[in-house]
There are 2 protein chains.
Amino acid sequence: MADHIDFYFEFSSPYGYFASTQIEALAAEFQRQVKWHPILLGPMFQATGSAPLVDIPVKGQYSLHDMSRTAELFNIPFKQPDPFPIATVSAARAVLYLQKKNAGQASELAKRLYHAYFAEGRNIGKTEVTLAVAEEVGLSAAELQDGIAQDDIKAQLKQEVNDAMARGVFGSPFMIVDGESFWGFDRFDHIRRWLQQKS
Amino acid sequence: MADHIDFYFEFSSPYGYFASTQIEALAAEFQRQVKWHPILLGPMFQATGSAPLVDIPVKGQYSLHDMSRTAELFNIPFKQPDPFPIATVSAARAVLYLQKKNAGQASELAKRLYHAYFAEGRNIGKTEVTLAVAEEVGLSAAELQDGIAQDDIKAQLKQEVNDAMARGVFGSPFMIVDGESFWGFDRFDHIRRWLQQKS
């Protein structure tokens, strides 16, 4: 079986959300699995001297429009959330905690959290909202609350971000396929072409 | 007849070059013409606080690889030029000068200049190289040399850049279709979807 596709995403990233709705279908086209990696962009932006897209003069305005239009063109439910961006440490830790028990459940939760924020406008930056979303998909909020408070989960998230940066990840979504790096939802078409030309 | 597509491009932009090889085919799919707008990114980067992509830590390395890979995936002849980026004032002025006489010739020259730089590694930042390329496509180097030295052509380029910025243009390639702005070669697919959904 061919290697999995590494899928790096930050929960506050709209293009990461768009990618989360289609990454599994893309992988399935090529008989691949997806490995979900929640990351935090904050430390990466420091390394590249970047800022959240919407804070950049001129480009920020364009980006807000591009996000809505991209959602429309690809039929993805989307409503620009407010507040935006948000801190996503709890959401990322929740996914990491679940991954140790059940990777399938963890990616389901990731998709559900993204949808809650970008389609329903629920602020998953608040731990109680993240826990409520988890409960809606049949997980135990109490267990998850304990889980994300564990020191090893906190350390693991830091480690995941460092590992990602060591692999050259600097944005969201970011996909690594057989050692080849692709940044952005707009690179899905490139991944497809690349895998087709390879095979 | 539907409105033309405004195509803004900087001669030092690899993604602008990629776009230059396909913009007319894209426009033709929807019975559109292309209006070619040579611009300079320098003043725009000042407005958005941006820097040339390849100068950005981490992202720069990725971008260099993405450029070569994009060329390969879309079958576009490409060799990362050196020096890069370059000053493209003469090339931009040459296209503007020609546009007053013959828009078709001007866009042919633009495509030829892009190819000379990004496929043949010729430094079109040097005025004599730009003139030599013009001569190869049957234009008079002497006339063009006079043309690009004219005060009104110099003023026009400044005006074009200001007009573009007033329309929200901040990068290359940048397309405006029926008032809708699209930034990047990777938005060709979005333009296609957008025009299909509109019609």
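Me: When does a residue count as buried, exposed or partly exposed?
Reply: The classes rest on relative accessible area, taken with a 1.4 Å probe and protein chains only. Exposed means over 50% and partly exposed lies in between, while buried means under 20%.

Me: Is Ser13(A) buried or exposed in this model?
Reply: This is a predicted model, where local features need pLDDT of at least 70, side-chain atom pairs count only at pLDDT 80 or more, and totals for chains, interfaces and linings use all residues. Residues are numbered from 1 along each chain as its sequence is written, chains are lettered from A, and side-chain values use heavy atoms without hydrogens or water. Ser13(A) has a relative accessible area of 5%, so it is buried.

Me: Which feature does UniProt list for Ser13(A)?
Reply: The entry is unreviewed, and such annotations may be inferred rather than shown by experiment.

Me: Which residues does Ser13(A) touch?
Reply: Contact means heavy atoms within 4.5 Å. Leaving out residues up to four places away in sequence, Ser13(A) touches Tyr114(A), Phe118(A), Ser172(A) and Pro173(A).

Me: What share of chain A is buried?
Reply: Chain A has 199 residues. Of these, the buried ones make up 52%.

Me: What radius of gyration does chain A have?
Reply: The radius is taken over C-alpha atoms, and the globule rule is 2.2 Å times the number of residues to the power 0.38. A compact globule of 199 residues would come near 16 Å, which agrees with the value for chain A, 16 Å.
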